[in-house]
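Student: Hi, could you go through this structure with me? I'd like to begin with the ligand and then move on to other parts.

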Amino acid sequence: MSRLVAHLAVPLDDPAAFLRDLKVHLPDDMPADAAVDAETVFDLYGTRTRLRFEAQMLRIAVEGEEAGAHGIARGAAAYYVQAVLGARCPLLRWTGDGADVRDLAHFREMRVVSAHRLTPRMQRVRLAGLDLARFATGGLHVRLAIPPEGRIPVWPHAGPAAMPVWPTGEDTLATRVYTIRRIDPVAGHLDIDVALHDPPGVGCRWACEARPGDLVGMLGPGGGDVSPADWTLLLGDETALPAIARILAEMPATARGHALIEVADAGEEQDLSHPRGMIVEWLHRGERPAGTTTLLAEAAERVAWPEEGEVFVWAAAEFEAFKAIRRHCRKAVGLKKSQHLVVAYWRRGRLAGDAADDD
Ligand SMILES: Cc1cc2nc3c(=O)[nH]c(=O)nc-3n(C[C@H](O)[C@H](O)[C@H](O)COP(=O)(O)OP(=O)(O)OC[C@H]3O[C@@H](n4cnc5c(N)ncnc54)[C@H](O)[C@@H]3O)c2cc1C
């Protein structure tokens, strides 16, 4: 396979300040000792990325072997430059290999195969698409791009910065993040389970009205996974149920821990396959609206934590529950950053995308 190399040059006023901010955006990828007076080499989406400062100029080179990963890394590098520079960011344009490629390696056009009600408030949509192997690893989640009703979809493509250029105006796509509940790359399909709520949003309506043959865009995968541990605690409401179900199904048979899942009532419980050592407990909120209870945080407080061994907590829920669980993990239990992944999947009264914007 031949080596692919692309270059990006970005004029900078203050290289030292830029590097400091970049380390904040890329804490896991950037070497801590990266400096403005030496070349920094690090791995970004499976590519070798080189960063060099020359007077008032940042020079980035992305080297890779697989065109898809190379394109994703170029887009990611440009994204981080933009995130650091904000409104001061000049127009970014890659040169070299892949500079003219319009396809996004992490985008697929998907076709609805079937849709049915799994439980009274959970709709399963099966989607088929080409070349799905990359969606089976590297993250549980995808962003669905839902086309406007009655229009032939116009999909995003890669721009000069290798980042997605989204259609606008009448072709604007609504995007919502969901979990791949199950994927079969060989058969070429995957399942998305959508929690139904009232009033419904775009995503909820799409799932209910999905008919075989409908087209939807899909970008991904992404999102943090569970780190291996001696004991694992999984916490979540119905939006996290697809992720918890998949995590449980993919855990090693020897896994030990506890999964606590909040749903409306017994009718929303699902038969989950899980290792014998993982206790699955359902919490019912009854008539109370989703996102208004403290069931998950209370459950996290009463759960019997092991006396020894490495623990890991994975939790996803509404914003208020997320804050309470995270507080408990950090303050009361004293978990390190590497021992927990606690996130907000949605926020009461806010459209998707606004969920985790402040705390
Ligand atoms: C990484 C990640 C993975 C996710 N995976 C899944 C998944 O697999 N399945 C799934 O169903 N959801 C999942 N979610 C949550 C989902 O993206 C949000 O619930 C999203 O808001 C749904 O979009 P919508 O168009 O239906 O509602 P929106 O248009 O976003 O919101 C409309 C209104 O509905 C409210 N609302 C949104 N979600 C709910 C809810 N669950 N219950 C009650 N009210 C709600 C909002 O607060 C708002 O007032 C995930 C979110 C993230 C970040």
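Student: Okay, so where does the ligand lie, and which domains give residues to the shell around it?

Tutor: Keeping in mind that this is a predicted model, the ligand lies between domain 2 (107–222) and domain 3 (231–354), because both of them give residues to the shell around it.

Student: And how many residues surround it?

Tutor: There are 25 residues around the ligand, and the closest are Arg176, Ala195, Gly203, Arg347 and Ala352. Sorted by type, the shell has 13 nonpolar, 7 polar and 5 charged residues.

Student: What about the ligand's oxygen atoms, which residues have polar atoms by them?

Tutor: One case is Arg176, where an N or O atom of the side chain is 2.6 Å from an oxygen atom of the ligand.

Student: How much of the ligand's accessible area does the protein cover?

Tutor: On its own the ligand has 910 Å² of accessible area, and the protein covers 88% of that.

Student: Switching topic, how many disulfides are there?

Tutor: The count is 0 disulfides. Cys204, for instance, is in none, and the cysteine sulfur nearest to its own, that of Cys208, is 5.2 Å away.

Student: Why don't Cys204 and Cys208 form a bond?

Tutor: A disulfide is a covalent bond that joins the sulfur atoms of two cysteines. Here the sulfur of Cys208 has its closest cysteine sulfur in Cys204, at 5.2 Å, and that is too far for a bond, because the two sulfurs would have to be within 2.5 Å to be counted as a disulfide.

Student: Are those two cysteines buried or exposed?

Tutor: Cys204 counts as buried, because its relative accessibility is 4% and the cut-off for buried is under 20%. Cys208, with a relative accessible area of 29%, is partly exposed.

Student: Last one, how many residues of helix H4 are buried?

Tutor: Helix H4, which covers residues 241–250, has 8 of its 10 residues buried, so it is mostly covered. The buried ones in H4 include Leu241, Pro242, Ile244 and also the charged residue Arg246.

Notes
Residues numbered from 1 in each chain as written. Predicted model: local features only at pLDDT ≥ 70, side-chain atom pairs only at ≥ 80, totals over all residues. Heavy atoms only, no water. Near = heavy atom within 4 Å. Polar contact = N/O pair within 3.5 Å; in protein donor to acceptor, adjacent residues only side chain to side chain. Areas by Shrake-Rupley, 256 points an atom, 1.4 Å probe, with all protein chains shown as cover. Domains from an automatic or database assignment. Buried < 20%, exposed > 50% of the residue type's maximum accessible area, 1.4 Å probe, protein only. Helix = DSSP H or I, 4+ residues; strand = E, 2+ residues; numbered from the N terminus.
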